[in-house]
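Here is a note on a ligand and the place where it sits. Please read it with the sequence and the structure side by side.

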Amino acid sequence: MTGETTMQHLPNAGSGGIVTAMAERIVANKAYLSEIDGKIGDGDHGVNMAKGFGMAAERLAGKDASLGQAFAALSEVLMGEIGGSMGPLYGMMFTEFSDAIEGKDAIDPQTFGAMLRAGLEGVQSIGSAKLGDKTMLDAFIPASEAFDATIESGASFADALAAMESAAETGRDSTIDLVAKIGRAARLGERSRGVLDAGATSCALILKTLGEGAASRLTDG
Ligand code: ADP
Ligand code: MG
């Protein structure tokens, strides 16, 4: 690209539909996520997630919420209404996402990157898991890093969103070879190797929907 670079941004107002799309994707994958969780966990991940995301979508229906408002509504439901490890962990992620874009009309790539990092820090502050522990973080950490690295390289917001999505999927797939170090599956030790992690799978779905939804709403100026 030559000459002046145009600064793309994601409008906050009216982008709450991204959360509705997340809910649709999670609900569509309810059985799959529970099946994965059933191999090394207790088989409730899809049920928990579909319940929380489905309730959030109901609350948002017909509201034309901003992205920040939609993240806040999702967080409230996840923290308050769903069981399992993922309620508080994803609840924290979406609270941090909402706070990071609060008061911003135009979400630029720097703000978006900071939002991902804030969500990550929130999850780690309550869950204490690290990269390689076979959790959602194995999708989330590389996704956040890929987004930042792509922006730093001078590429576009859209390219960084695509890099985020694909790093999340590669990270999800990396969990197959990992032994769970934290959470319910850690009790299995070596026997937890050989299957996907349920949380990493849902996290990749969430980030894919976030990336696609953001990319389709990017505006110049
Ligand atoms: P539970 O384990 O209570 O049944 P879920 O089935 O809803 O809860 O979620 C399981 C997922 O939670 C795991 O696949 C893993 O990705 C994630 N997880 C568990 N503990 C942690 C943690 N401390 N930090 C991040 N993610 C975690
Ligand atoms: Mg479970």
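1. The shell around ligand 1 holds seven nonpolar, seven polar and five charged residues. Here Ala, Val, Leu, Ile, Met, Phe, Trp, Tyr, Cys and Pro count as nonpolar, Asp, Glu, Lys and Arg as charged, and the others, Gly among them, as polar. This is a predicted model: local features need pLDDT of at least 70, side-chain atom pairs count only at pLDDT 80 or more, and totals for chains, interfaces and linings use all residues. Residues are numbered from 1 along each chain as its sequence is written, chains are lettered from A and ligands numbered from 1 in the order written, and side-chain values use heavy atoms, without hydrogens and water.

2. Which residues come nearest to ligand 1? Of the 19 around it, they are Asp 44, Ser 85, Met 86, Gly 127 and Asp 197. A residue is near if one of its heavy atoms lies within 4 Å.

3. Look next at the polar contacts (pairs of N or O atoms within 3.5 Å). A polar side-chain atom of His 45 is 3.0 Å from an oxygen atom of ligand 1. Gly 199 places a backbone N or O atom 2.9 Å from an oxygen atom of the ligand. Gly 127 has a polar backbone atom 2.9 Å from a nitrogen atom of ligand 1. On its own, ligand 1 has 570 Å² of accessible area (Shrake-Rupley method, 1.4 Å probe), and the protein covers 92% of that area.

4. Helix 3 (45-60), helix 5 (86-101) and helix 9 (198-215) each give at least two residues to the shell. Helix 9 supplies the largest share, three residues. Helices are DSSP runs (H or I, at least four residues), numbered from the N terminus.

5. Ligand 1 takes up the space of the largest pocket. A pocket is an open set of points on a 1 Å grid where a 1.4 Å probe fits, with protein on both sides within 12 Å along at least five of seven lines; lining residues have an atom within 4 Å of a point. The lining has 25 residues, including Gly 183 and Arg 184.

Methods
A polar contact is a pair of N or O atoms within 3.5 Å; within protein, one must be able to donate a hydrogen and the other to accept it, and residues adjacent in sequence count only if both atoms are side-chain atoms. A molecule sits in a cavity or pocket if more than half of its atoms lie within 2 Å of its grid points.
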